Amino acid sequence: MADRRPPFVWMMVARTGSLGMGVLASVVVARALPPEGRGTYYMAVSVATAALTLGHLSVEQAQTALWSEKRRRSCLDANSVPLGLCVGGAAALVAVALCLLFQGRGNIPDIWLLTTACAGVPLGMGVLYGTNITVLRDRPQIAGWAMLGSAVAQCLCLVVLGLTGHLTVASVVIAWVLSFAASLAVLIAAGGVTVARPDLRLARTTCVKGLRLHTGSAASYLLLRSDVFLLNALAGPHEVGIYTLGVTLAELSRLAVDVFAQVTLPLQFDDEAHDPALVTVRIVRFMLLLGAASAVLTVTVVSALITPVYGHAYAEAGTLVAWLVPGILLLSAGRPVSTYLLRRRSPRVLVLPSLIALVANVALNAALIPLWGAIGCAVASTVAYTALVSFQVVFFTRTSGIGWRQLLPTSAEASRVTTEVKHRWGQLHIGRVS
């Protein structure tokens with residue numbers, strides 16, 4: 001009999017397990033490597049991630065836009081993995097070539113370490129395209145297991161290396177690459193995506209459509225990660241090591257919000273929905289409530305545990321989390337709005353806000369990093385994320401005719417959620433004497 005548990009439950013289990021593995025992996029790395037070592041590893045991975053994100057041509061957004069044409073769905077499915085491997089291979093080669101040009105500048109890591117990291121780009125691209133198709137096919141549980149498989153593979157590698165005394169910057173990068181291979185294997189084996197002969201004409205159409213959206217996608221990525229490159233160039237790998245740990249811990253607050261966004265994505269493309277704008281409003285309201293609760297919980301727990309778990313060398317990361325969480329959660333809660341705009345309007349409504357926020361982010365980082373180091377980086381990021389979401393909300397209100405206040409949860413909704421949480425908490429019998 002098929003498992004009838006809601007997709008949200010599946011995704012929460014998978015995401016919680018993945019994040020748990022990720023936290024364990026971050027502890028192992030932090031205990032084995034000083035902030036400088038973690039910063040070097042993270043910069044190598046950041047270069048590969050930049051190749052993955054700047055080189056994906058926004059194909060996953062094109063897949064989403066084309067998914068409404070039902071006759072193309074099977075071919076979009078079959079194209080996802082082969083197209084990902086091909087586009088990813090090209091992006092990796094470009095990244096390695098650029099790294100050769102910039103060797104010796106801006107604290108760029110060794111070329112062999114960068115090449116090793118870039119070996120994961122084709123695999124990561126296949127995972128990116130394949131996961132998007134899996135979610136569009138309304139199979140979020142498979143996407144969740146693929147994510148969990150990746151985290152388990154990476155964590156096991158790091159724990160074994162740590163226990164045997166072989167944990168180095170290079171071995172951590174190799175474990176990162178292998179995690180993509182594990183994720184792709186799960187996606188294919190579980191039937192999340194179909195491996196078949198690709199439709200080259202549709203592949204070209206998808207890439208061309210994606211390129212029209214790619215300026216905004218590239219700007220969104222640079223908005224999220226340009227701070228790491230600027231921090232590395234202006235302050236060095238020590239600050240990068242602490243800052244990136246803060247980012248990793250702050251992003252734990254996105255768990256429930258991101259899962260809810262994924263499992264509700266098909267609802268925004270439901271042809272039977274009376275008004276997609278109202279569906280978007282309801283989704284955003286609930287995501288804001290989840291986000292507020294997640295923010296308080298994350299900042300409280302991290303502040304208490306950062307030094308005992310990671311050591312005094314990383315103590316400053318707790319302060320960074322408090323500055324980063326508000327912007328990260330606003331960005332996550334705004335995802336349904338950007339999805340609505342992607343389906344309803346031209347690409348420029350997504351491109352323009354991303355470009356403006358990126359310029360603001362770079363300018364603020366350049367001004368604040370020399371003054372406050374990693375904390376200045378965190379402040380700049382939160383301000384830029386808030387600006388991006390604000391622009392998207394303005395376009396949403398103009399397109400839908402719905403006022404921005406309707407995106408905010410009401411006191412009645414907040415009260416219902418609080419009552420439900422208290423009820424569930426009471427059922428656990430915590431703190432009661434039998």
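Predicted model: local features only at pLDDT ≥ 70, side-chain atom pairs only at ≥ 80, totals over all residues.
The largest nonpolar core comprises 95 residues. Within this core, the residues with the most contacts are Val121, Leu158, Tyr243, Tyr310, Leu324 and Phe396. Helix H12, which spans residues 276-310, supplies the largest share of the core, with eleven residues. Another core lies apart from the largest one and has 13 residues. Its members include Ile133, Leu136, Ile142 and Val193.

When residues up to four places away in sequence are not counted, Val121 touches Ala48, Ala51, Leu52, Gly88, Ala91 and Ala92.

Three aromatic pairs are present in the structure. One of them joins Trp176 and Phe180 in an edge-to-face arrangement, with 4.9 Å from centre to centre and 80 degrees between the planes. Trp176 and Phe180 are separated by about one helical turn, because they stand four residues apart in helix H8 (residues 169-189). Trp176 has a relative accessible area of 11% and is therefore buried. Phe180 is likewise buried, at a relative accessible area of 15%.

Tyr340 and Phe396 form an aromatic pair as well: their ring centres are 5.1 Å apart and their planes meet at 75 degrees, so this pair is edge-to-face. Tyr340 belongs to helix H14 (residues 335-344), whereas Phe396 belongs to helix H16 (residues 374-400).

Note on methods:
Residues numbered from 1 in each chain as written. Heavy atoms only, no water. Core = buried A, V, L, I, M, F, W, Y, C linked by side-chain atoms within 4.5 Å. Buried < 20%, exposed > 50% of the residue type's maximum accessible area, 1.4 Å probe, protein only. Helix = DSSP H or I, 4+ residues; strand = E, 2+ residues; numbered from the N terminus. Contact = heavy atoms within 4.5 Å. Phe/Tyr/Trp six-rings, centres within 6.5 Å; stacked < 30°, edge-to-face > 60°.
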